[in-house]
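Me: Could you walk me through reading a structure like this one, step by step? I would like to start with the whole chain and end with a single residue.

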Amino acid sequence: MVSSVPRLVIAAPSSGSGKTTVATGLMAAFAARGLAVSAHKVGPDYIDPGYHALATGRVGRNLDAYLCGPELVAPLFLHGASGCDLAVVEGVMGLYDGAAGEGELASTAHVAKLLRAPVVLVVDASSQSRSVAALVHGFASWDPEVRVGGVILNKVGSDRHEELLRDALDAAGVPVLGVLRRAAQVDTPSRHLGLVPVAERHSAAVEAVAAMGEQVARGCDLAALEALARGAGPVPGGSAPWTPEPMPTHRPTRLAERPGPVVAVAGGEAFTFSYAEHTELLTAAGAEVVTFDPLRDEQLPDGTAGLVIGGGFPEVYAAELSANEPLRKAVAALAERGAPVAAECAGLLYLCRELDGKPMCGVLDATARMSERLTLGYRDAVAVGDSVLAVAGTRMRGHEFHRTLVEPGAGPAPAWGVRTPVRQVEGFVQQGVHASYLHTHWASEPGVARRFVERCRTS
(Lines give C-alpha, C1' and ligand atoms only; values in the text may rest on other atoms or scores of the structure.)
Protein backbone atom coordinates (compact mmCIF):
# COMPACT_ATOMS: atom_id res chain seq x y z
CA MET A 1 0.00 0.00 0.00
CA VAL A 2 1.45 3.36 -1.06
CA SER A 3 0.64 6.23 1.30
CA SER A 4 3.43 8.68 0.48
CA VAL A 5 2.02 10.35 -2.63
CA PRO A 6 3.92 13.59 -3.36
CA ARG A 7 1.40 16.39 -2.84
CA LEU A 8 0.80 20.12 -2.67
CA VAL A 9 -2.13 22.16 -1.40
CA ILE A 10 -2.74 25.39 -3.32
CA ALA A 11 -4.31 27.97 -0.97
CA ALA A 12 -4.85 31.72 -0.82
CA PRO A 13 -5.65 34.47 1.69
CA SER A 14 -9.11 34.88 0.15
CA SER A 15 -11.33 33.95 -2.77
CA GLY A 16 -10.44 35.65 -6.03
CA SER A 17 -6.68 35.43 -5.49
CA GLY A 18 -6.11 33.03 -8.38
CA LYS A 19 -6.18 29.57 -6.77
CA THR A 20 -8.01 27.92 -9.67
CA THR A 21 -5.69 29.42 -12.27
CA VAL A 22 -2.56 28.40 -10.38
CA ALA A 23 -3.78 24.96 -9.31
CA THR A 24 -5.10 24.07 -12.76
CA GLY A 25 -2.00 25.52 -14.39
CA LEU A 26 0.26 23.47 -12.13
CA MET A 27 -1.70 20.32 -12.93
CA ALA A 28 -1.36 21.00 -16.66
CA ALA A 29 2.32 21.94 -16.41
CA PHE A 30 3.24 18.83 -14.42
CA ALA A 31 1.18 16.64 -16.76
CA ALA A 32 3.02 18.17 -19.74
CA ARG A 33 6.25 16.99 -18.08
CA GLY A 34 4.97 13.43 -18.27
CA LEU A 35 3.79 13.11 -14.68
CA ALA A 36 0.55 11.34 -13.80
CA VAL A 37 -1.20 14.05 -11.78
CA SER A 38 -4.07 13.49 -9.36
CA ALA A 39 -6.43 16.47 -9.04
CA HIS A 40 -8.41 17.30 -5.91
CA LYS A 41 -10.61 20.16 -4.72
CA VAL A 42 -11.31 21.08 -1.08
CA GLY A 43 -15.01 21.51 -0.39
CA PRO A 44 -18.23 20.77 -2.27
CA ASP A 45 -17.34 22.59 -5.52
CA TYR A 46 -18.41 20.66 -8.66
CA ILE A 47 -17.12 23.08 -11.30
CA ASP A 48 -13.38 23.40 -10.64
CA PRO A 49 -12.84 19.61 -10.86
CA GLY A 50 -14.03 19.78 -14.47
CA TYR A 51 -11.14 22.11 -15.31
CA HIS A 52 -8.80 19.91 -13.29
CA ALA A 53 -9.85 16.91 -15.37
CA LEU A 54 -8.95 18.74 -18.58
CA ALA A 55 -5.52 19.54 -17.16
CA THR A 56 -4.71 16.02 -15.97
CA GLY A 57 -6.73 13.65 -18.11
CA ARG A 58 -8.06 12.10 -14.89
CA VAL A 59 -11.32 12.67 -13.04
CA GLY A 60 -11.22 15.57 -10.57
CA ARG A 61 -12.20 14.64 -7.01
CA ASN A 62 -13.40 16.50 -3.93
CA LEU A 63 -12.07 16.37 -0.37
CA ASP A 64 -14.74 17.64 2.02
CA ALA A 65 -14.19 17.15 5.74
CA TYR A 66 -17.72 18.32 6.51
CA LEU A 67 -19.70 16.18 4.07
CA CYS A 68 -17.59 13.05 4.50
CA GLY A 69 -16.02 13.58 7.92
CA PRO A 70 -12.32 14.21 8.63
CA GLU A 71 -11.68 10.48 8.88
CA LEU A 72 -12.44 9.96 5.16
CA VAL A 73 -10.27 12.78 3.77
CA ALA A 74 -7.03 10.78 3.65
CA PRO A 75 -8.64 7.55 2.37
CA LEU A 76 -10.50 9.43 -0.40
CA PHE A 77 -7.29 11.24 -1.30
CA LEU A 78 -5.35 7.97 -1.55
CA HIS A 79 -8.14 6.42 -3.63
CA GLY A 80 -8.03 9.27 -6.13
CA ALA A 81 -4.23 9.47 -6.19
CA SER A 82 -3.68 5.76 -6.73
CA GLY A 83 -1.10 5.20 -9.47
CA CYS A 84 -0.17 8.89 -9.70
CA ASP A 85 3.23 10.55 -9.48
CA LEU A 86 2.01 13.72 -7.80
CA ALA A 87 -1.21 15.24 -6.42
CA VAL A 88 -2.34 18.85 -6.48
CA VAL A 89 -5.11 19.90 -4.09
CA GLU A 90 -6.89 23.19 -4.79
CA GLY A 91 -8.18 24.90 -1.65
CA VAL A 92 -11.44 26.69 -0.99
CA MET A 93 -11.98 30.37 -0.05
CA GLY A 94 -9.23 31.66 2.25
CA LEU A 95 -6.76 29.23 3.80
CA TYR A 96 -8.42 29.22 7.24
CA ASP A 97 -12.06 29.64 6.14
CA GLY A 98 -14.20 26.59 6.90
CA ALA A 99 -17.76 25.62 7.76
CA ALA A 100 -19.53 28.54 9.45
CA GLY A 101 -19.38 28.32 13.22
CA GLU A 102 -17.31 25.11 13.13
CA GLY A 103 -13.79 26.46 13.63
CA GLU A 104 -11.30 24.99 11.18
CA LEU A 105 -13.61 22.16 10.04
CA ALA A 106 -13.57 21.71 6.25
CA SER A 107 -11.13 24.58 5.68
CA THR A 108 -8.16 24.27 3.36
CA ALA A 109 -5.90 24.39 6.42
CA HIS A 110 -7.82 21.51 8.00
CA VAL A 111 -7.47 19.33 4.90
CA ALA A 112 -3.77 20.23 4.59
CA LYS A 113 -3.24 19.07 8.18
CA LEU A 114 -5.20 15.87 7.63
CA LEU A 115 -2.98 15.09 4.63
CA ARG A 116 0.18 16.55 6.19
CA ALA A 117 0.68 18.36 2.90
CA PRO A 118 2.78 21.49 2.31
CA VAL A 119 0.80 24.59 1.38
CA VAL A 120 1.65 26.99 -1.44
CA LEU A 121 0.02 30.37 -0.83
CA VAL A 122 -1.23 32.23 -3.92
CA VAL A 123 -1.25 35.97 -3.25
CA ASP A 124 -2.95 38.58 -5.42
CA ALA A 125 -0.16 41.16 -5.37
CA SER A 126 -1.82 43.62 -7.75
CA SER A 127 -2.40 46.33 -5.11
CA GLN A 128 0.50 45.94 -2.70
CA SER A 129 4.27 45.83 -2.41
CA ARG A 130 5.97 45.70 1.03
CA SER A 131 2.70 44.78 2.77
CA VAL A 132 2.85 41.38 1.10
CA ALA A 133 5.46 40.33 3.67
CA ALA A 134 3.13 41.04 6.60
CA LEU A 135 0.31 39.20 4.88
CA VAL A 136 2.39 36.10 4.13
CA HIS A 137 4.01 36.12 7.58
CA GLY A 138 0.59 36.22 9.23
CA PHE A 139 -0.77 33.28 7.25
CA ALA A 140 2.42 31.25 7.66
CA SER A 141 2.58 31.73 11.44
CA TRP A 142 -1.14 31.57 12.37
CA ASP A 143 -1.22 27.79 12.85
CA PRO A 144 2.14 26.06 13.44
CA GLU A 145 0.65 22.75 12.19
CA VAL A 146 0.08 24.27 8.75
CA ARG A 147 3.30 24.27 6.76
CA VAL A 148 3.38 27.11 4.24
CA GLY A 149 6.21 25.96 2.02
CA GLY A 150 6.20 28.79 -0.48
CA VAL A 151 4.30 31.60 -2.13
CA ILE A 152 3.26 32.29 -5.72
CA LEU A 153 2.72 35.96 -6.49
CA ASN A 154 -0.19 36.51 -8.87
CA LYS A 155 -1.17 39.52 -11.01
CA VAL A 156 2.25 41.15 -10.76
CA GLY A 157 2.36 44.31 -12.86
CA SER A 158 6.00 44.80 -13.89
CA ASP A 159 9.62 43.85 -13.28
CA ARG A 160 9.91 46.69 -10.76
CA HIS A 161 6.79 45.51 -8.95
CA GLU A 162 8.23 41.98 -8.77
CA GLU A 163 11.52 43.33 -7.38
CA LEU A 164 9.70 45.22 -4.60
CA LEU A 165 7.66 42.13 -3.68
CA ARG A 166 10.68 39.82 -3.60
CA ASP A 167 12.65 42.27 -1.46
CA ALA A 168 9.79 42.45 1.03
CA LEU A 169 9.39 38.69 1.20
CA ASP A 170 13.06 38.04 1.88
CA ALA A 171 12.39 38.92 5.52
CA ALA A 172 9.29 36.72 5.79
CA GLY A 173 11.22 33.47 5.49
CA VAL A 174 8.84 31.99 2.91
CA PRO A 175 10.39 31.33 -0.52
CA VAL A 176 8.87 32.77 -3.68
CA LEU A 177 8.14 29.79 -5.94
CA GLY A 178 6.51 31.68 -8.77
CA VAL A 179 5.55 35.05 -10.19
CA LEU A 180 2.62 35.35 -12.60
CA ARG A 181 1.79 38.41 -14.64
CA ARG A 182 -1.70 39.47 -15.59
CA ALA A 183 -2.92 37.35 -18.51
CA ALA A 184 -6.44 37.83 -19.88
CA GLN A 185 -6.33 34.63 -21.93
CA VAL A 186 -6.54 32.48 -18.80
CA ASP A 187 -9.69 34.18 -17.53
CA THR A 188 -12.73 31.95 -17.33
CA PRO A 189 -16.28 33.33 -17.53
CA SER A 190 -18.54 33.28 -14.48
CA ARG A 191 -22.26 33.60 -13.83
CA HIS A 192 -24.68 33.32 -10.89
CA LEU A 193 -23.08 30.25 -9.23
CA GLY A 194 -19.42 30.67 -10.23
CA LEU A 195 -17.41 29.55 -13.25
CA VAL A 196 -19.19 28.28 -16.33
CA PRO A 197 -18.72 24.46 -16.34
CA VAL A 198 -16.37 22.81 -18.83
CA ALA A 199 -19.23 20.91 -20.48
CA GLU A 200 -20.78 24.18 -21.63
CA ARG A 201 -17.62 25.63 -23.22
CA HIS A 202 -15.37 22.67 -23.92
CA SER A 203 -13.23 24.09 -26.74
CA ALA A 204 -12.72 27.43 -24.99
CA ALA A 205 -12.04 25.61 -21.70
CA VAL A 206 -9.37 23.45 -23.34
CA GLU A 207 -7.66 26.60 -24.64
CA ALA A 208 -7.91 28.31 -21.24
CA VAL A 209 -6.42 25.32 -19.42
CA ALA A 210 -3.57 25.12 -21.94
CA ALA A 211 -2.89 28.83 -21.40
CA MET A 212 -2.89 28.34 -17.62
CA GLY A 213 -0.37 25.54 -17.96
CA GLU A 214 1.90 27.61 -20.19
CA GLN A 215 1.71 30.64 -17.90
CA VAL A 216 2.51 28.60 -14.80
CA ALA A 217 5.36 26.77 -16.54
CA ARG A 218 6.90 30.13 -17.52
CA GLY A 219 6.39 31.86 -14.19
CA CYS A 220 6.89 29.14 -11.57
CA ASP A 221 9.84 27.07 -10.40
CA LEU A 222 8.35 23.68 -11.22
CA ALA A 223 11.43 21.83 -9.98
CA ALA A 224 11.22 23.52 -6.57
CA LEU A 225 7.46 22.90 -6.39
CA GLU A 226 7.91 19.23 -7.25
CA ALA A 227 10.66 18.93 -4.62
CA LEU A 228 8.35 20.49 -2.05
CA ALA A 229 5.65 17.97 -2.97
CA ARG A 230 8.05 15.04 -2.73
CA GLY A 231 9.10 16.12 0.75
CA ALA A 232 5.60 15.66 2.14
CA GLY A 233 6.24 12.16 3.48
CA PRO A 234 3.59 9.53 4.26
CA VAL A 235 -0.05 10.49 4.63
CA PRO A 236 -0.63 10.41 8.42
CA GLY A 237 -2.48 7.73 10.29
CA GLY A 238 -1.54 4.79 8.09
CA SER A 239 -4.74 5.31 6.13
CA ALA A 240 -5.81 2.74 3.55
CA PRO A 241 -7.37 4.02 0.32
CA TRP A 242 -11.14 4.31 0.31
CA THR A 243 -12.89 1.71 -1.81
CA PRO A 244 -16.42 1.69 -3.25
CA GLU A 245 -16.59 -2.08 -2.79
CA PRO A 246 -19.05 -3.14 -0.07
CA MET A 247 -17.90 -5.04 2.96
CA PRO A 248 -18.31 -8.82 2.54
CA THR A 249 -21.19 -8.84 5.04
CA HIS A 250 -23.06 -6.36 2.82
CA ARG A 251 -22.45 -8.07 -0.50
CA PRO A 252 -25.69 -9.35 -2.08
CA THR A 253 -25.94 -13.12 -2.39
CA ARG A 254 -24.46 -14.53 -5.62
CA LEU A 255 -24.08 -10.97 -6.97
CA ALA A 256 -22.00 -12.08 -9.95
CA GLU A 257 -24.83 -14.31 -11.19
CA ARG A 258 -27.46 -11.58 -11.00
CA PRO A 259 -27.88 -9.15 -13.91
CA GLY A 260 -27.11 -5.59 -12.93
CA PRO A 261 -30.02 -3.14 -13.12
CA VAL A 262 -29.51 -0.20 -15.45
CA VAL A 263 -29.21 3.07 -13.53
CA ALA A 264 -29.52 6.09 -15.82
CA VAL A 265 -27.52 9.13 -14.71
CA ALA A 266 -28.33 12.56 -16.17
CA GLY A 267 -25.43 14.38 -17.80
CA GLY A 268 -24.78 16.87 -20.58
CA GLU A 269 -24.58 20.63 -20.22
CA ALA A 270 -27.62 20.98 -17.94
CA PHE A 271 -26.57 18.39 -15.33
CA THR A 272 -22.84 18.66 -14.66
CA PHE A 273 -22.72 18.35 -10.87
CA SER A 274 -21.73 14.90 -9.63
CA TYR A 275 -19.12 13.24 -7.48
CA ALA A 276 -17.09 10.49 -9.14
CA GLU A 277 -17.56 8.27 -6.10
CA HIS A 278 -21.35 8.09 -6.67
CA THR A 279 -20.94 6.27 -9.97
CA GLU A 280 -18.24 4.07 -8.46
CA LEU A 281 -20.52 3.14 -5.56
CA LEU A 282 -23.45 2.37 -7.85
CA THR A 283 -21.23 0.18 -10.04
CA ALA A 284 -19.75 -1.60 -7.02
CA ALA A 285 -23.28 -2.30 -5.78
CA GLY A 286 -23.96 -4.13 -9.04
CA ALA A 287 -25.59 -1.48 -11.23
CA GLU A 288 -24.89 -0.86 -14.89
CA VAL A 289 -24.51 2.92 -14.96
CA VAL A 290 -25.47 4.62 -18.24
CA THR A 291 -25.23 8.39 -18.77
CA PHE A 292 -27.83 10.21 -20.85
CA ASP A 293 -28.36 13.83 -21.88
CA PRO A 294 -31.80 15.32 -21.06
CA LEU A 295 -31.19 18.09 -23.60
CA ARG A 296 -30.81 15.70 -26.54
CA ASP A 297 -31.93 12.16 -25.72
CA GLU A 298 -35.66 11.66 -26.25
CA GLN A 299 -35.78 8.38 -24.32
CA LEU A 300 -34.16 6.96 -21.22
CA PRO A 301 -31.47 4.30 -21.79
CA ASP A 302 -32.82 0.87 -22.67
CA GLY A 303 -33.82 -1.12 -19.62
CA THR A 304 -33.64 1.79 -17.18
CA ALA A 305 -34.56 0.54 -13.72
CA GLY A 306 -33.54 3.62 -11.74
CA LEU A 307 -32.71 7.25 -12.36
CA VAL A 308 -30.20 9.63 -10.77
CA ILE A 309 -30.47 13.34 -11.61
CA GLY A 310 -27.79 15.42 -9.92
CA GLY A 311 -27.08 19.12 -9.84
CA GLY A 312 -26.37 21.60 -12.58
CA PHE A 313 -28.02 24.48 -14.38
CA PRO A 314 -31.50 23.53 -15.64
CA GLU A 315 -32.51 27.18 -15.19
CA VAL A 316 -30.08 28.10 -17.99
CA TYR A 317 -31.53 25.41 -20.28
CA ALA A 318 -35.18 25.49 -19.17
CA ALA A 319 -36.52 26.10 -22.69
CA GLU A 320 -34.51 23.24 -24.20
CA LEU A 321 -35.38 20.84 -21.39
CA SER A 322 -39.03 21.73 -21.72
CA ALA A 323 -38.94 21.27 -25.50
CA ASN A 324 -37.79 17.66 -25.05
CA GLU A 325 -41.32 16.48 -24.28
CA PRO A 326 -40.71 12.77 -25.08
CA LEU A 327 -38.05 12.51 -22.39
CA ARG A 328 -40.10 14.45 -19.86
CA LYS A 329 -42.93 11.98 -20.38
CA ALA A 330 -40.55 9.03 -20.11
CA VAL A 331 -39.21 10.32 -16.76
CA ALA A 332 -42.77 10.86 -15.49
CA ALA A 333 -43.77 7.35 -16.56
CA LEU A 334 -40.74 5.82 -14.84
CA ALA A 335 -41.57 7.63 -11.60
CA GLU A 336 -45.26 6.74 -11.90
CA ARG A 337 -44.51 3.03 -11.93
CA GLY A 338 -42.51 3.38 -8.71
CA ALA A 339 -38.96 3.04 -10.03
CA PRO A 340 -36.24 4.55 -7.81
CA VAL A 341 -35.46 8.17 -8.69
CA ALA A 342 -32.84 10.19 -6.78
CA ALA A 343 -32.80 13.91 -7.58
CA GLU A 344 -30.60 16.63 -6.10
CA CYS A 345 -31.05 20.37 -6.61
CA ALA A 346 -31.17 20.65 -10.41
CA GLY A 347 -32.83 17.24 -10.48
CA LEU A 348 -35.45 18.54 -8.04
CA LEU A 349 -36.22 21.43 -10.39
CA TYR A 350 -36.48 19.11 -13.39
CA LEU A 351 -39.06 16.93 -11.60
CA CYS A 352 -41.34 19.90 -10.80
CA ARG A 353 -44.41 20.85 -12.82
CA GLU A 354 -42.64 23.86 -14.25
CA LEU A 355 -39.44 25.89 -14.04
CA ASP A 356 -39.70 29.63 -14.68
CA GLY A 357 -43.08 28.99 -16.31
CA LYS A 358 -41.82 26.26 -18.66
CA PRO A 359 -43.24 22.73 -18.31
CA MET A 360 -40.92 20.16 -16.73
CA CYS A 361 -41.54 16.50 -15.89
CA GLY A 362 -44.50 17.05 -13.56
CA VAL A 363 -43.47 14.29 -11.18
CA LEU A 364 -43.74 16.63 -8.18
CA ASP A 365 -46.69 18.87 -7.40
CA ALA A 366 -44.45 21.92 -7.12
CA THR A 367 -43.18 24.83 -9.19
CA ALA A 368 -39.66 26.23 -9.42
CA ARG A 369 -38.33 29.64 -10.35
CA MET A 370 -35.19 31.73 -10.27
CA SER A 371 -34.71 33.90 -7.19
CA GLU A 372 -32.58 36.91 -6.30
CA ARG A 373 -31.55 35.22 -3.05
CA LEU A 374 -28.49 32.99 -2.88
CA THR A 375 -28.95 29.94 -0.67
CA LEU A 376 -25.55 28.64 0.39
CA GLY A 377 -24.19 26.52 3.20
CA TYR A 378 -23.61 23.17 4.81
CA ARG A 379 -26.57 21.35 6.35
CA ASP A 380 -27.05 18.66 8.99
CA ALA A 381 -29.89 16.43 7.83
CA VAL A 382 -31.88 13.45 9.06
CA ALA A 383 -34.15 11.28 6.92
CA VAL A 384 -37.75 11.98 7.98
CA GLY A 385 -39.08 8.67 6.65
CA ASP A 386 -38.03 5.61 4.68
CA SER A 387 -37.06 6.18 1.04
CA VAL A 388 -35.12 4.54 -1.78
CA LEU A 389 -31.97 6.18 -0.36
CA ALA A 390 -32.25 5.79 3.39
CA VAL A 391 -34.30 4.50 6.30
CA ALA A 392 -35.92 6.97 8.68
CA GLY A 393 -33.45 8.42 11.11
CA THR A 394 -30.41 8.15 8.81
CA ARG A 395 -28.17 11.16 9.42
CA MET A 396 -26.21 12.75 6.61
CA ARG A 397 -24.52 16.04 5.95
CA GLY A 398 -25.25 18.02 2.83
CA HIS A 399 -24.66 21.29 1.04
CA GLU A 400 -26.98 23.79 -0.63
CA PHE A 401 -25.92 26.21 -3.35
CA HIS A 402 -28.62 27.72 -5.56
CA ARG A 403 -30.52 30.83 -6.61
CA THR A 404 -33.85 29.12 -7.18
CA LEU A 405 -36.99 28.59 -5.15
CA VAL A 406 -39.33 25.58 -5.12
CA GLU A 407 -42.89 26.07 -3.89
CA PRO A 408 -43.85 24.27 -1.74
CA GLY A 409 -40.45 23.50 -0.26
CA ALA A 410 -41.54 20.10 1.03
CA GLY A 411 -44.13 17.49 0.17
CA PRO A 412 -46.53 15.60 2.46
CA ALA A 413 -43.65 13.17 3.03
CA PRO A 414 -40.49 15.34 3.24
CA ALA A 415 -37.04 14.03 2.36
CA TRP A 416 -35.02 15.58 5.19
CA GLY A 417 -35.26 17.39 8.46
CA VAL A 418 -32.60 20.06 8.12
CA ARG A 419 -30.97 22.52 10.52
CA THR A 420 -30.51 25.82 8.61
CA PRO A 421 -29.85 26.97 11.47
CA VAL A 422 -33.41 26.29 12.68
CA ARG A 423 -34.87 22.81 12.15
CA GLN A 424 -37.24 22.50 9.19
CA VAL A 425 -38.37 19.87 6.71
CA GLU A 426 -37.31 19.90 3.07
CA GLY A 427 -37.73 17.90 -0.12
CA PHE A 428 -40.09 15.21 -1.38
CA VAL A 429 -40.48 11.46 -0.95
CA GLN A 430 -43.26 9.80 -2.98
CA GLN A 431 -43.34 6.24 -4.28
CA GLY A 432 -39.75 5.65 -5.44
CA VAL A 433 -38.81 9.34 -5.72
CA HIS A 434 -36.38 11.09 -3.38
CA ALA A 435 -35.97 14.75 -4.41
CA SER A 436 -34.19 17.47 -2.45
CA TYR A 437 -32.10 20.61 -2.72
CA LEU A 438 -29.42 18.90 -0.63
CA HIS A 439 -26.21 17.75 -2.32
CA THR A 440 -24.81 14.78 -0.37
CA HIS A 441 -21.63 12.74 -0.73
CA TRP A 442 -22.52 9.06 -0.73
CA ALA A 443 -19.03 7.98 0.36
CA SER A 444 -20.03 9.14 3.83
CA GLU A 445 -22.92 6.64 3.86
CA PRO A 446 -22.23 3.88 1.29
CA GLY A 447 -25.47 2.13 2.23
CA VAL A 448 -27.29 4.81 0.21
CA ALA A 449 -25.98 3.42 -3.09
CA ARG A 450 -26.50 -0.21 -2.07
CA ARG A 451 -30.09 0.48 -0.98
CA PHE A 452 -30.82 2.36 -4.22
CA VAL A 453 -29.48 -0.45 -6.42
CA GLU A 454 -31.36 -3.12 -4.49
CA ARG A 455 -34.57 -1.11 -4.94
CA CYS A 456 -33.78 -0.96 -8.67
CA ARG A 457 -33.57 -4.75 -8.68
CA THR A 458 -36.90 -5.26 -6.96
CA SER A 459 -39.09 -2.38 -8.17
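Predicted model: local features only at pLDDT ≥ 70, side-chain atom pairs only at ≥ 80, totals over all residues.

Me: Happy to begin. How many helices and strands does the chain have?

Reply: The chain holds 13 helices and 22 strands. Its C-alpha trace spans about 70 × 50 × 45 Å along the principal axes.

Me: What does the radius of gyration say about the chain?

Reply: The idea is to set the value beside the one for a compact globule. For 459 residues that rule gives a radius of gyration near 23 Å, and the chain has 23 Å, so the two agree. Buried residues account for 59% of the 459 residues. Contacts are worth a look too: of those between residues at least 6 apart in sequence, 75% join residues at least 24 apart.

Me: And how much accessible surface does the chain have?

Reply: About 18100 Å², with 51% of it belonging to carbon and sulfur atoms.

Me: On to the sheets, then. How should I read one?

Reply: Strands of a sheet pair through backbone hydrogen bonds, either parallel or antiparallel. Take the open sheet of seven strands here: its order is β3-β2-β4-β1-β5-β6-β7, and the pairing is parallel. Residues 61-63 form β3 and residues 176-181 form β7; these are the edge strands, each pairing on one side only. From one strand to the next, the twist averages 25°.

Me: Can we zoom in on one edge of that sheet? Which residue in β7 is the bridge partner of Leu 153?

Reply: Val 179 is the partner. Strand β6 (residues 148-156) pairs with β7 in the parallel sense, over four bridges. Across β6 and β7 lies helix α6, residues 159-169, which runs at about 155° to β6.

Me: In what order do the strands of the six-stranded open sheet come?

Reply: They run β11-β10-β12-β13-β21-β20, and here the pairing is mixed. At the edges, β11 and β20 (428-430) each pair on one side only. Neighbouring strands of this sheet are turned against each other by 15° on average, direction ignored.

Me: What packs on this sheet?

Reply: Helix α11 (residues 325-336) does, touching β11, β12, β13 (341-344) and β21 (433-436). The direction of α11 makes about 110° with that of β12. Within the sheet, β10 (residues 262-266) and β12 pair in the parallel sense over four bridges, and Val 265 stands opposite Val 308 in β12.

Me: How would I read a helix for burial?

Reply: Go along it residue by residue. In α9 (residues 276-284), the buried residues are Ala 276, Glu 277, His 278, Leu 281, Leu 282 and Ala 284. Backbone angles deserve a glance as well: just after α9, Gly 286 takes a positive phi of about 110°.

Me: Now for the single residue. Where is Asp 293 found?

Reply: Asp 293 sits in the loop between β11 (288-292) and β12 (304-309).

Me: Is Asp 293 buried or exposed?

Reply: Compare its relative accessibility with the cut-off: buried means under 20%. Asp 293 has 13%, so this residue counts as buried.

Me: What does its side chain meet there?

Reply: A polar contact of 2.6 Å links the side chain of Asp 293 to that of Arg 296. Beyond its neighbours within four places in sequence, Asp 293 is in contact with Gly 267, Gly 268 and Glu 269.

Terms used: Residues numbered from 1 in each chain as written. Heavy atoms only, no water. Helix = DSSP H or I, 4+ residues; strand = E, 2+ residues; numbered from the N terminus. Buried < 20%, exposed > 50% of the residue type's maximum accessible area, 1.4 Å probe, protein only. Polar contact = N/O pair within 3.5 Å; in protein donor to acceptor, adjacent residues only side chain to side chain. Contact = heavy atoms within 4.5 Å. Pairing = 2+ DSSP bridges. Axes fitted to C-alpha atoms, helices over the stretch in contact; angles between N-to-C directions. Rg over C-alpha atoms; globule rule 2.2 N^0.38 Å. Areas by Shrake-Rupley, 256 points an atom, 1.4 Å probe, with all protein chains shown as cover.
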